[in-house]
Amino acid sequence: MIKLYGAPFTRAGRAVWMLEEVEQPYEIISKDPRSGETRSPEMLSLNPNGHVPVIDDNGTIIWESMAVNLHLADKYQKLMPETAELRGQAYHWSFWAITEAEAPLLDILMHSMFLPEDQRDPDVAAAGLETLKTPLAVLDAALTGKDYLLGGEFTVADLNVCAVLGFAAYIQYDFSPYPAIASWLGRCNDRPGAQKMGQLAMAAMAG
Ligand SMILES: N[C@@H](CCC(=O)N[C@@H](CS)C(=O)NCC(=O)O)C(=O)O
């Protein structure tokens, strides 16, 4: 059984969606970053960075959310493109999501809702909103005229990018200036795995 360490409302949610897609048995071992649980001696022995998600895939330990999902797609042969060329594009979109899009998104989230009020800086949130426009324009152009990032089929590239953009739901970000992104998000988020991730995230956040 695959073990996923993390809480579904964190970056571990991305791995929940992927685990649903690969249809392998898994269990979530709840580790809530808000209480420091990700930095216990047990967790540091799994991921010395002190972060989640971490998976234990039948003895193989993988951390870093994009690596977790690319590993699962590769090992269980689901959502991984067949050609090296398309796999290359799946990697570039996955790394793009966490290098270009995630940082401004997190600045917005942290400084508008997640940090204690006295630590929030509205200027950082405003700068994040401005910076985010550049990667969103890139993504919108890439999706124009296509159902999915690599063509006609949903792949791990879509899952990884969509799951990173999923953080935008916490601030009800308005994607209407990006029509290709808006309709692609609808297609991706309709998938049962995405729905499951959302349900588990809401339940874990509340509990
Ligand atoms: N680049 C890493 C970032 C992981 C990360 O920062 N996770 C957060 C939760 S979303 C965490 O574990 N924070 C707890 C901590 O740093 O103590 C990834 O994508 O997996």
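**Labels and their cut-offs**

Reply: Helices here are DSSP runs of H or I with at least four residues, strands are runs of E with at least two, and both are numbered from the N terminus. This is a predicted model, where local features need pLDDT of at least 70 and side-chain atom pairs count only at pLDDT 80 or more, while totals for chains, interfaces and linings use all residues. Residues are numbered from 1 along each chain as its sequence is written, and side-chain values use heavy atoms, with hydrogens and water left out.

Me: Why is Glu21 called buried?

Reply: Buried means under 20% relative accessible area, exposed means over 50%, and partly exposed lies in between (1.4 Å probe, protein chains only). Glu21 has 11% relative accessibility, so Glu21 counts as buried.

Me: What makes the pair of Glu21 and Arg191 a polar contact?

Reply: The term asks for N or O atoms within 3.5 Å; within protein, one must be able to donate a hydrogen and the other to accept it, and residues adjacent in sequence count only if both atoms are side-chain atoms. The side chains of Glu21 and Arg191 are joined at 2.8 Å. Leaving aside neighbours within four places in sequence, Glu21 is also in contact (heavy atoms within 4.5 Å) with residues including Lys78, Leu79, Phe154 and Leu159.

Me: How do you know that α1 and α3 are roughly parallel?

Reply: Axes are lines fitted to C-alpha atoms, for helices over the stretch in contact, and angles run from 0 to 180 degrees between N-to-C directions. Under 35 degrees counts as roughly parallel, over 145 as roughly antiparallel, 65 to 115 as roughly perpendicular, and the rest as oblique. Helix α1 (residues 12–22) and helix α3 (residues 65–76) pack at about 5°, with axes 9 Å apart, and α1 and α3 are therefore roughly parallel. By class, their contact has 9 nonpolar, 2 polar and 1 charged residues. Ala, Val, Leu, Ile, Met, Phe, Trp, Tyr, Cys and Pro count as nonpolar, Asp, Glu, Lys and Arg as charged, and the others, Gly among them, as polar.

Me: What makes α4 and α6 roughly parallel to each other?

Reply: Their axes come within 9 Å and cross at roughly 5°, so α4 and α6 are roughly parallel too. Residues making this contact include Trp93, Trp96 and Glu102 of α4 and Val156, Asn160 and Leu165 of α6. The classes are 12 nonpolar, 2 polar and 1 charged.

Me: Why do Met80 and His71 count as buried?

Reply: Met80, in the loop between α3 and α4 (84–114), has 13% relative accessibility and so counts as buried. His71, found in helix α3, has 18%, and therefore counts as buried as well. Beyond its neighbours within four places in sequence, His71 is in contact with Ile55, Asp57 and Ile62.

Me: How do you know that β3 and β4 pair?

Reply: Two strands pair if DSSP finds at least two bridges between them. Strand β3 (residues 54–57) and strand β4 (residues 60–63) have 4 bridges and pair in the antiparallel sense. Asp56 has Ile61 in β4 as its bridge partner, and is also the partner in β3 of Lys3.

Me: What makes β2 and β4 the edge strands?

Reply: The open sheet of 4 strands has the order β2-β1-β3-β4, with mixed pairing. β2 (26–30) and β4 each pair on one side only. Helix α3 packs on this sheet and touches β1, β3 and β4.
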